[in-house]
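Grab a pencil and work through these exercises with the model open. Try each task yourself before you read its solution.

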Amino acid sequence: MRLNSEESLLLIVDLQAGLLPVVEGGEQAVAEAAWLGGVAESLAVPVWVTEQYPEGLGGSEPRLLEALRDPRLWKKVHFNAHAEPDFASALTESGRRQVVLCGSEAHICVMQTGLGLLEAGYEVYWLSEATVSRRAGEAQLARERMVRCGAVPVSADMVAYEWLHRCDDERFKDVHRRFLKPRSARPLRFF
């Protein structure tokens with residue numbers, strides 16, 4: 001079960017401006033999702049971003065959207081993004097079977113989306129340092145439940161290096177210079 005850039009999609013769930021001030025680890029989640037989103041875009045991996053009730057929770061965190069070149073934005077009313085018919089249809093049409101999943105809140109929208117994707121037959125990779133809740137304990141419970149259901153916990157470094165697959169081409173040199181090397185000393189907390 002190795003990640004492949006041609007089969008992957010990065011799904012960033014509900015990292016919204018109105019919610020993040022009360023989410024433990026929210027700043028790190030935005031930074032890590034934006035970082036992996038940049039790597040994804042460099043490797044032609046689609047980046048999708050969802051928003052739950054943006055009228056009340058605000059839109060996606062501006063720093064996240066500013067860091068990404070061309071994310072596909074989805075507004076949703078279901079906690080499970082895959083329950084949105086247009087989303088599910090577009091995911092099927094994309095041909096992508098591996099979903100790297102992150103966002104907030106881990107125990108609500110991220111987990112329900114992950115469960116929906118697993119039920120639909122997708123491989124789900126839980127991005128540990130970018131999946132958060134108001135209380136870290138609930139993020140941990142969500143991660144444990146997702147792993148029991150078949151999701152694979154990963155770090156952004158794991159994902160980036162698996163997508164790259166090798167170190168002797170221009171893609172690696174570019175991603176290493178712009179993303180991997182600057183991040184190497186950054187302290188991280190894994191949820």
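**Exercise 1. Find which residues have the most contacts inside the largest nonpolar core.**

Step 1: Know the term. A nonpolar core is a set of buried Ala, Val, Leu, Ile, Met, Phe, Trp, Tyr and Cys residues joined through side-chain atoms within 4.5 Å. Buried means under 20% relative accessible area, exposed means over 50%, and partly exposed is in between (1.4 Å probe, protein chains only).

Step 2: Look at the core. The largest one has 63 residues, and Ile12, Leu36 and Trp163 have the most contacts inside it. Its largest share, eight residues, comes from helix α1 (residues 26-42). Helices here are DSSP runs (H or I, at least four residues), strands are E runs of at least two, and both are numbered from the N terminus.

Step 3: Zoom in on Leu36. Skipping neighbours within four places in sequence, its contacts (heavy atoms within 4.5 Å) include Leu10, Val100 and Trp163.

A note on the ground rules: this is a predicted model, where local features need pLDDT of at least 70 and side-chain atom pairs count only at pLDDT 80 or more, while totals for chains, interfaces and linings use all residues. Residues are numbered from 1 along each chain as its sequence is written, and side-chain values use heavy atoms, leaving out hydrogens and water.

**Exercise 2. Work out how α1 is oriented relative to α8.**

Step 1: Get the angle. α1 and helix α8 (residues 170-183) pack at about 165°, with axes 10 Å apart. Axes are lines fitted to C-alpha atoms, for helices over the stretch in contact, and angles run from 0 to 180 degrees between N-to-C directions.

Step 2: Classify it. Angles over 145 degrees count as roughly antiparallel, under 35 as roughly parallel, 65 to 115 as roughly perpendicular and the rest as oblique. So α1 and α8 are roughly antiparallel.

Step 3: Check who touches whom. Among the residues making the contact are Trp35 and Val39 of α1, and Val175 and Phe179 of α8.

**Exercise 3. Decide whether aspartate 14 and alanine 44 are buried or exposed.**

Step 1: Locate them. Aspartate 14 is in the loop between β1 (8-13) and α1, and alanine 44 is in the loop between α1 and β2 (47-52).

Step 2: Check phi. Aspartate 14 has a positive phi near 55° without being a glycine; alanine 44, not a glycine either, has a positive phi of about 65°.

Step 3: Apply the cut-offs. Aspartate 14 has a relative accessible area of 1%, so it's buried. Alanine 44 comes in at 57%, so it's exposed.
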